[in-house]
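Work through the following exercises with the sequence and the 3D structure in view. Each task is followed by a solution that goes step by step.

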Amino acid sequence: MKKIKINELIFGIICFIIFICFFATFFTAIIAIFFGEVPTKTSGIVKYSFSDSINILFVAIFTAISGFFFIKFFEPKKTLKNKPKHPQYTKCPKCKEVFNYKELINGKCKNCKDVDTVDLEEYFEKYPDELKEKEKNVNKKEQ
Ligand SMILES: [Zn+2]
């Protein structure tokens, strides 16, 4: 079973409370606007004036907006989410050096200038001979 982290649990509980608060105030407001009175468990039927109903509606909208910002800013960030799917590396076909994208100058190799680098994933598809050469070298070392 997946382990639930404590910050995710607290976040979930607070989200649930905000959700309940929003629905309670929102439906109270809607019923009050259309019928002028709301049946309650504790105080029987409560009459609301139209302006009171609008005020409750504003409370509901405020709850929704603050809930939205709460979720946006306090949502537990998953560390995996922030990592790129593939490491962003690229290789220069001329000097054979590997760079991180951040090291490049306008996408060009910083050693050779004006030479476009190739993504590592595509590099050996583009230069299959180099891969063969590497395999040869490895085989030589093993012998
Ligand atoms: Zn280069």
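Donors of a metal are N, O and S atoms within 2.8 Å of it (3.2 Å for Na, K and Ca), and since water is not among the atoms, sites may look incomplete. Four donors count as tetrahedral if all angles lie between 85 and 135 degrees; four count as square planar and six as octahedral if opposite donors are over 155 degrees apart and all others between 65 and 115, and anything else is irregular. The model is predicted, so that local features need pLDDT of at least 70 and side-chain atom pairs count only at pLDDT 80 or more, while totals for chains, interfaces and linings use all residues. Residues are numbered from 1 along each chain as its sequence is written, and side-chain values use heavy atoms, with hydrogens and water left out.

**Exercise 1.** Find the donors of the zinc ion and explain the arrangement around it.

*Solution.* Begin with the ligands: C92, C95, C109 and C112 each coordinate the zinc ion through SG, at 2.1 to 2.4 Å. Next take the angles, which run from 104 to 117 degrees between the four donor atoms, and therefore the arrangement is tetrahedral. Along the chain, the donors follow the spacing C-x2-C-x13-C-x2-C. Finally, C92 lies in the loop between β3 (89–91) and β4 (98–100), whereas C109, 17 residues apart from it, lies in the loop between β4 and β5 (118–119), so that the pair links distant parts of the chain; strands are DSSP runs of E with at least two residues and helices are runs of H or I with at least four, numbered from the N terminus.

**Exercise 2.** Work out the order of the strands in the open sheet, and say which stand at the edges.

*Solution.* Two strands pair if DSSP finds at least two bridges between them. The three strands are arranged in the order β4-β3-β5, with antiparallel pairing. Because β4 and β5 each have a single partner strand, they stand at the edges, and one side of each is left without a neighbour in the sheet. Between β3 and β4 there are three bridges, and Y89 stands opposite N100 in β4.
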